[in-house]
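Let us walk through this structure step by step. We begin at the ligand and then step back to the whole chain.

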Amino acid sequence: MKVVVLHGSARSGGDSDTLAAHVLDGLGGAGSHDVLHFRPSEMEIAHCRGCMGCRDGSGCVIMDDMQAVYPAFCDAQIVILAAPMFWGYMTSQLKTLFDRLEAVADATCFGGKDFVLLITYRHFFGSMVTWLERISAGFGSRCHSLTCRTYDPETGKDIPAHGIADALDEAFRLGRSLVGK
Ligand SMILES: Cc1cc2nc3c(=O)[nH]c(=O)nc-3n(C[C@H](O)[C@H](O)[C@H](O)COP(=O)(O)O)c2cc1C
């Protein structure tokens with residue numbers, strides 16, 4: 001299967017990346033699938049200008065690193081969003097990438113997929129789950145969400161996701177379920 005991982009965090013190997021790695025393990029590990037990783041914090045991705053230049057179906061007029069994301073996203077059967085919460089929503093890097101997906105916002109590219117939303121958070125994950133559930137349903141795709149609190153309110157300390165066994169197991173099992181195991 002073709003899998004795209006959108007890494008919303010600028011912290012490579014952080015909490016959301018850890019969950020994504022376990023989903024990939026559940027899918028069967030390295031070499032089982034055609035997996036492409038995109039980390040918008042390390043890419044040149046301009047903000048959507050709302051110019052509607054994409055309305056004629058010719059794609060986005062902005063020639064930057066999104067041009068590599070478009071075909072990968074459209075071809076993928078599974079799209080994994082590794083999404084830490086920043087001020088109650090996805091990071092600005094991931095949001096900027098998603099805004100640019102407006103250029104392919106049709107059933108051909110957004111339909112028939114399994115979206116996997118991995119949310120890591122300290123306090124609150126708000127509307128993120130309903131956001132992607134609504135989009136997935138609207139385009140005939142499925143949305144699988146996993147939320148993981150990476151913070152202990154009693155001690156006031158962060159808990160790295162790699163130490164949260166239940167979440168790692170849930171991520172692995174989510175991956176397995178997507179390949180029918
Ligand atoms: C600038 C910043 C803003 C954050 N805002 C929130 C927030 O609004 N709600 C929340 O629950 N966690 C918030 N967090 C905590 C992160 O979502 C959490 O630590 C997450 O596990 C980090 O994932 P990562 O290691 O993949 O980046 C914030 C962290 C940072 C650095």
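The shell around the ligand divides into six nonpolar, seven polar and five charged residues. Here Ala, Val, Leu, Ile, Met, Phe, Trp, Tyr, Cys and Pro count as nonpolar, Asp, Glu, Lys and Arg as charged, and the others, Gly among them, as polar. This is a predicted model: local features need pLDDT of at least 70, side-chain atom pairs count only at pLDDT 80 or more, and totals for chains, interfaces and linings use all residues. Residues are numbered from 1 along each chain as its sequence is written.

In total, 18 residues surround the ligand. A residue is near a molecule if its C-beta atom, placed from the backbone, lies within 6 Å of it. The closest are Gly14, Ser16, Pro84, Thr120 and Tyr121. Helix 1 (15-27) and strand 4 (114-121) each supply at least two residues of this shell. Helix 1 gives the most, with three residues.

Now step back. The protein chain has six helices and seven strands. Both are DSSP runs, numbered from the N terminus: helices are H or I with at least four residues, strands are E with at least two. Along the sequence, the pattern reads β-α-β-α-β-α-α-β-α-β-β-β-α. The radius of gyration of the protein chain is 16 Å, close to the 16 Å that the globule rule gives for 181 residues, so the chain is as compact as a globular protein of that length. That radius is taken over C-alpha atoms; the rule is 2.2 Å times the number of residues to the power 0.38. The C-alpha atoms fill a box of roughly 55 × 35 × 30 Å, taken along the principal axes.
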